[in-house]
Amino acid sequence: MIEFSAVTKRYPGGHEALKSVSLSVADGELLFITGHSGAGKSTLLKLLPVIERVTSGSVVVNGQNVSSMRAAAIPYLRRNIGQIFQDQKLLYDRSVFDNVMLPLAVTGVHPKDAAKRARAALDKVGLLSREKANPITLSGGEQQRLAIARAIVNRPAIIIADEPTSNLDTDYAGEIIDLFIAFHQVGVTVMIATHDEDAVRRAAGKTTTRNVQLKAGELIL
Amino acid sequence: MTAWLRLHWMAFGSTLAKLASTPFATVLNVLVIGVALALPAGAYSLLFNLQNAARNVSSDPEFSVFLALEVQKSEIAELERRLKDLAGIAKVEFRSRESALAEFRKHPSMGDVLAALDRNPLPDAFVVRLADNNGDVLDRMAEQVRGWAHVEHVQVDSAWVRRVAAAVGVGRVAVLLLAGLLSFALLAVTFNTIRLQILTQREEIEVAKLLGATNGTIKRPFYYYGALLGLLGGGAALGIVFGAFWVLNRSVAEFAQLYASDFRLDRLPPADLASILAFAAALGLAGAWLSVSRHLQSFEPR
């Protein structure tokens, strides 16, 4: 259960990215947040792993008010949220495999277990055969799938994805959406910020989804 | 708990890998630190040896009485009686000029010098030992004997020893000052090295933070790096000092032989060596801590 209550986010300089947004997301839901760029989609997602903090209002994840969480507790929250970033944030100085190992390495998982889980995640997104490659040699779609593998390797209960299909052609975008549907079907809460209408339609045709729209920082249900 | 230990172990491993992956830079850094620390460490070792040598000499509260060259046998006997009558005397030993000459002849380099002289230049002498090791009594007595007839020169070894002790005290302060100053060099080297590392790993650190790495996990490899760099630098410093002593000892041995001494420069005791290494590692750690707290706070992922 994720509960946004009257959330307002004002950035330094006065720009108001979110204006009193209230939204609750049930466990296992597949939620699309649509809207133009600059509507506040990214900001909304960033509040969950406390990359940004609310200016007023509250964000509660599984009964925990993350908007007032102390800094030392944030890393543990983030381990339970799979994040797919708009700019992917892959590390190009190491292999595909090591990119997926990173979330496990920073939490001190035994290297043997970690390797097993990393390979399982790579297998899930169909990149197992490319584990030794450098991410720079992957296609755009493959890079996005690698980002997804890294996000799910900790087996999070929540996945948030910021524009996961932007810059991908329709086939690749379809594959990515199918992956999110698969996670949704095993009970993971998935929140996707996108302006890709095709992706939203494709998901709606295969499973139960919910759409919300943001417009200039305000929620349109 | 095991995860925490594993994180430490992994941080240590990645630190070693980091040191090994840039061997040239690592060696240069270690040498800079080593040279900076070798100065105070070497000076301290010299003081340690000087103090040891002084302690060996000072163990006997005695003074030597050198007589005039033209002194008669009867006068020598008279002097010996007077010396033995002094209060608090443990032993009076007579060393004739003939025995002193014989002793000198044993030294190969001295033989030629003595052969060139037409008469024995050495005086008769008494070595007077006191019962108690009291510097003031020794000085007073030596002063008294100095005034006697037929006495050419009175030498109190303990005066020299006390002068050395005072000099060692001054030297120790100087070494501390030097160590304090050069510690800044070590601090600066680790600070700067780690600053560069943080800048080059900026992306990795940001991603790791986003993926749930604690600040401790991110900082830990840098702490290990600083401490290890300091430790290696300390090791290099000791290596430089050992090397210098090894070279010096060859000439010191020749020099000491002229004084019929087997004096040589000794290494510091293990406890002192361990303290130097620990001090270097602690400085490296401090440099890392300064650098990390200065540079890592500045970026939070967005």
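**View 1. Contacts in chain A of the predicted model.** Of the contacts in chain A with a separation of 6 or more, 68% are between residues 24 or more positions apart. The model shown is predicted. Chain A holds 7 helices and 10 strands. Its radius of gyration is 17 Å, close to the 17 Å that the globule rule gives for 221 residues, so chain A is as compact as a globular protein of that length. The C-alpha trace of chain A spans about 45 × 40 × 35 Å along its principal axes, and 45% of the 221 residues in chain A are buried.

**View 2. The open sheet of chain B.** Four strands of chain B are ordered S2-S3-S1-S4, with antiparallel pairing. Strands S2 (89-95) and S4 (151-156) of chain B are at the edges with a single partner strand each, so one side of each has no neighbour in the sheet. From one strand to the next, the twist averages 20°.

**View 3. Strands S1 and S3 of chain B.** Strand S1 (residues 62-67) and strand S3 (residues 125-130) of chain B run antiparallel and are joined by 5 bridges. B:Phe63 has B:Val128 of S3(B) opposite.

**View 4. Helices on the sheet of chain B.** Helix H3 (residues 73-85) of chain B packs on the sheet and touches S1, S2 and S3 of chain B, its direction making about 165° with that of S2(B). Helix H6 (residues 135-146) of chain B lies across S1, S3 and S4 of chain B and runs at about 170° to S4(B).

View 5. B:Gly171 lies in helix H7 (residues 157-200) of chain B. With 17 other C-beta atoms within 10 Å, B:Gly171 is partly exposed. B:Tyr44 is 127 residues from B:Gly171 in sequence, yet their C-alpha atoms are 8.4 Å apart in space.

Definitions and conventions: Residues numbered from 1 in each chain as written. Chains lettered and ligands numbered in written order. Predicted model: local features only at pLDDT ≥ 70, side-chain atom pairs only at ≥ 80, totals over all residues. Helix = DSSP H or I, 4+ residues; strand = E, 2+ residues; numbered from the N terminus. Rg over C-alpha atoms; globule rule 2.2 N^0.38 Å. Buried ≥ 20, exposed ≤ 12 C-beta atoms within 10 Å, placed from the backbone. Contact = placed C-beta atoms within 7 Å. Pairing = 2+ DSSP bridges. Axes fitted to C-alpha atoms, helices over the stretch in contact; angles between N-to-C directions.
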